[in-house]
Structure formats: structure tokens, C-alpha cells
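The sequence and the model come first, and the notes follow.

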Amino acid sequence: MTTPADVHDVRDPEQPGRLLTIERDALIPLLRARAEEDFARPVAACPGWTVRDVLAHCSAALTRVAEGRFEEGVFSPESNDRDIAERAEWSDARVVDELERGMGAAGPVIAGAGGKLDGLALGEWVHAGDVREALGEPGAYGGAGLPDALALLARITRERGHVPVHADLDDLDEPLRLGESGGERPPGRFIGDGPTLVRLYAGRPVDGVPAFELAGVEAKELNIYG
């Protein structure tokens with residue numbers, strides 16, 4: 001799928017939900033096929049958390065969105081830890097079931113939120129990549145959802161006035177414009193594949209990824225979660 005960079009300036013309200021359902025359809029069968037011990041594997045991108053912890057965090061966050069529960073302090077580290085602790089006695093299957101429901105039910109709420117929750121959908125998709133990597137599965141930070149993820153990333157970074165970058169991606173015919181300089185600095189340049197770009201913007205390790213070029217900007221400047 002090819003998408004001109006400028007198209008990303010227009011919000012598609014269905015895009016975040018579409019990203020979640022695409023990932024749901026790929027991730028949930030994969031999880032249901034894994035052995036119990038796999039859920040105890042550590043997740044390198046989330047120090048101190050296991051695969052199960054990440055899934056519990058994601059399922060809780062999406063359930064909150066679907067149910068419209070946004071109490072004070074929601075999505076803070078303390079709130080996330082409480083959500084995980086509340087599911088400590090659940091079976092792995094129950095956590096996966098909640099995640100499946102949340103990945104489907106949250107989309108319409110996110111669509112109607114005017115863009116305020118779009119970043120959450122992207123973050124949940126990134127976490128799915130974290131889980132894939134921890135399980136040794138291919139396709140981390142890529143797959144069928146990548147075009148929508150890149151479009152979301154581009155728009156979110158521009159809305160936040162993030163450092164400007166022009167990305168020439170193996171996955172797209174047209175360059176992807178990220179961030180917004182306002183003329184204050186020339187854009188940086190990235191050449192490589194989409195999953196590596198996602199890793200950089202999500203602050204994930206890039207050890208062992210295909211070769212890429214990054215010029216005019218430091219990797220640490222790209223991290224939208226830093």
C-alpha cells in the first residue's frame with residue numbers, strides 16, 4: 001500500500017480502530033497457540049514486565065476506553081500497575097479474551113474522540129510488537145497494520161510539533177513526512193524500512209534490524225514516549 005505523505009494531514013477517524021482490529025486478527029490466534037510458560041517471558045521493551053503483564057496492561061487500557069472510564073490518573077504508571085495487579089489471578093486465556101474484546105470495542109470510541117485517543121491505539125499496536133518480539137515471532141512492528149501505523153505516526157508527530165524528519169521507506173513509494181519544524185530547523189532524513197522507523201519512534205532497540213540511515217537528527221530525539 002502506498003500513501004503520499006501529505007494525505008496523512010487529514011485524520012481518518014476509522015484508522016485507529018482499523019489498526020487495532022487488523023492486529024487483533026493476527027495476534028489473538030498466535031497467543032492462543034502459545035504454551036503457558038510463554039506468558040511469563042520477559043519483555044525487553046518494558047523492563048520488569050512479562051508478556052502477560054503487557055497483555056494485561058493493553059487489555060485493561062482498551063477496556064477502559066471502550067467503557068469510557070477515564071478517572072483521574074488513568075494511564076499513569078501507578079494506574080497501569082494497578083490494572084495488572086487486578087488481573088493477577090486471572091487465567092492467561094481470560095486476559096487474552098479481554099484483549100480481543102477491547103481491540104474490537106475501543107475503535108468506535110477512539111473514532112469519536114476527535115483524535116485525543118489516536119495515540120493510544122498506536123501505543124497498543126506497538127505493545128503487540130513488543131509481545132511478538134518477546135515470543136520470537138516474526139513481524140514485530142510490521143505486518144498488515146504497518147501502513148495505518150505509519151500514517152498515524154506521521155500525523156501524531158506533526159500535531160505534536162515533533163522534530164521534523166523525511167523518511168524514505170522501503171514500504172512506501174512516496175516519502176513520509178514526520179514532525180513539524182515551522183522552518184526552525186531542516187528536517188532529518190531516514191532511509192530504511194517501516195518497522196525500524198517505528199522502533200526508533202517508540203524507543204525500542206534497533207539491534208539486529210536491517211541496515212538504515214539516519215542523518216540530521218539523533219535517534220533519542222525521535223522517541224515519542226521519552
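Helix H6 is largely enclosed by the rest of the structure, because 12 of its 14 residues are buried. The model is a predicted one.

**Helix H6**

- H6 runs over residues 146-159. From its first C-alpha to its last it reaches 20 Å, close to the 20 Å expected at 1.5 Å a residue.
- Leucine and alanine positions among the buried residues of H6 are Leu 146, Ala 149, Leu 150, Ala 151, Leu 152, Leu 153 and Ala 154.
- The list of buried residues in H6 also includes Asp 148, Arg 155, Ile 156, Thr 157 and Arg 158.
- The cover over these buried residues includes three helices, H1 (15-32), H5 (118-134) and H7 (194-202). Strands E1 (165-169) and E2 (176-178) are also part of what covers them.
- After H6 comes Gly 161, which has a positive phi, near 65°.

**Cavities**

- The structure has 2 cavities of 30 Å³ or more.
- The largest cavity holds about 60 Å³ of space. Its lining consists of Leu 27, Leu 55, Cys 58, Leu 62, Leu 99, Met 103, Glu 124, His 127, Ala 128 and Val 131.
- Helix H2 (51-67), helix H4 (92-111) and H5 each give at least two residues to the lining of the largest cavity. H5 gives the most, with 4 residues.
- Sorted by class, the lining of the largest cavity has 8 nonpolar residues, 1 polar and 1 charged.
- The second largest cavity has a volume of about 50 Å³. Leu 122, Val 126, Ala 149, Leu 153, Val 198, Tyr 201, Ala 202, Ile 224 and Tyr 225 line the second largest cavity.
- H5, H6 and H7 are the elements that contribute two or more residues to the lining of the second largest cavity. The largest share of that lining, 3 residues, is from H7.
- The lining of the second largest cavity has 9 nonpolar residues, with no polar and no charged ones.

**Largest pocket**

- The largest pocket contains about 420 Å³ of space.
- It is lined by 17 residues. Those nearest its centre are His 57, Gly 123, Glu 124, His 127 and Tyr 225.
- H2 and H5 are the elements that supply two or more residues to the pocket lining. H5 provides the largest share, 6 residues.
- By class, the pocket lining has 9 nonpolar, 5 polar and 3 charged residues.
- Glu 124 and His 127 lie in the pocket lining and also line the largest cavity.

**Arg 132 in H5**

- Arg 132 belongs to helix H5. Its relative accessible area is 10%, so Arg 132 is buried.
- Leaving aside neighbours within four places in sequence, Arg 132 is in contact with Glu 23, Ala 26, Leu 27 and Leu 30, and also with Glu 137, Pro 138, Gly 139 and Ala 140.
- Leu 27, one of these contacts of Arg 132, also lines the largest cavity.

**Annotated domain**

- An unreviewed UniProt entry annotates residues 22-102 as "domain: Mycothiol-dependent maleylpyruvate isomerase metal-binding".
- Over residues 22-102 the chain is 60% helix and 0% strand. The end C-alpha atoms of residues 22-102 are 13 Å apart.

Terms used. Residues are numbered from 1 along each chain as its sequence is written. This is a predicted model: local features need pLDDT of at least 70, side-chain atom pairs count only at pLDDT 80 or more; totals for chains, interfaces and linings use all residues. Side-chain values use heavy atoms; hydrogens and water are left out. UniProt positions are given in the numbering used here, feature names are shortened, and annotations may be inferred rather than shown by experiment. The expected span of a helix is 1.5 Å times one less than its number of residues. Buried means under 20% relative accessible area, exposed over 50%, partly exposed in between (1.4 Å probe, protein chains only). Contact means heavy atoms within 4.5 Å. On a 1 Å grid over the protein atoms alone, a cavity is a set of points where a 1.4 Å probe fits but cannot get out, and a pocket is an open set with protein on both sides within 12 Å along at least five of seven lines; lining residues have an atom within 4 Å of a point. Grid points are joined across faces, edges and corners, and a volume is the space filled by probe spheres set on the points. Ala, Val, Leu, Ile, Met, Phe, Trp, Tyr, Cys and Pro count as nonpolar, Asp, Glu, Lys and Arg as charged, and the others, Gly among them, as polar.
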